[in-house]
Amino acid sequence: LPKYAQSRQKVLRFGERDDWSVEQLGQVAQVFNGPRFKRPYADKGVISGPNIVRYFTGNAITQTRGENLKYLDLKKAKPVQLRMIQQLYLKRGMILITDSGTVGRVVYATAYHHGAIGTNNLIRVVVEDKVLRGYIYQFLLSKYGQDQLRANVYGAIVDHIEPDDVKKIFIPIPKDHAILEAISTPILRSMALQEQAFIDQEISRIELARVGGFPNE
């Protein structure tokens, strides 16, 4: 659509300025998703155990409490499944992008997601530099980032994008590190606050179960 092309051109014009550079996302980050695999779901009602791991679908990853969170039983997995699953673990600090259905939803992986398995329909963006990571996350949420994500959507029935499409997104980066930090630091701080909020909610839930005998689920 023309509006998406216009956003791309506006981003590219930042590269004409002395105080900005423009890089493709694939030049400053690792961008990948993961293999498709047959999911060894845990039995109904089983949510804990030595071989039970959390599994985030594309919907669950966008939910604060993971209402659609599912569980896998690694004991049920065959060796080939286990090899695929090893490539799908989520890590704190990953930027996750939904690649099908409602394309382009962007999530910052926190401690809550760390160690769980994410669907292969999540494109992982790994940026080693923490300040740059926060900035890129904020840019991908912006109109210019979202327009570029949607510019390469394809599919007759279900919208879809590929990691190669995401790698080609143009990112305008200020050369003044103070500007970069001014944009990135509040984002990183907000993620830390989200993590603390989740911990506090869990403490409250566990205490309610302890004193009231309510199910601790």
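A residue is taken as partly exposed when its relative accessible area falls between the buried range, under 20%, and the exposed range, over 50%. Because its relative accessibility is 40%, Arg17 counts as partly exposed in this predicted model. Asp19, with a relative accessible area of 40%, is likewise partly exposed. The side chains of Arg17 and Asp19 form a salt bridge, with an N to O distance of 3.5 Å.

Another joins the side chains of Lys143 and Asp147, at 2.9 Å from N to O. Both residues belong to helix H5, which spans residues 143-151, and they are four residues apart, about one turn of the helix. The two partners fall into separate accessibility classes: Lys143 is exposed, with a relative accessible area of 51%, whereas Asp147 is buried at 6%.

A further salt bridge links the side chains of Arg210 and Glu207, with an N to O distance of 2.7 Å. These two residues lie in helix H7 and are separated by about one helical turn, because they are three residues apart. Arg210 has a relative accessibility of 59% and so counts as exposed. Glu207, at 37%, counts as partly exposed.

Helix H7, covering residues 177-212, also holds Glu195. Glu195 has a relative accessibility of 15% and therefore counts as buried. Leaving aside residues up to four places away in sequence, Glu195 touches Arg92, Thr110 and Ala111.

Methods
Residues numbered from 1 in each chain as written. Predicted model: local features only at pLDDT ≥ 70, side-chain atom pairs only at ≥ 80, totals over all residues. Heavy atoms only, no water. Buried < 20%, exposed > 50% of the residue type's maximum accessible area, 1.4 Å probe, protein only. Contact = heavy atoms within 4.5 Å. Salt bridge = Lys/Arg side-chain N within 4 Å of Asp/Glu carboxyl O.
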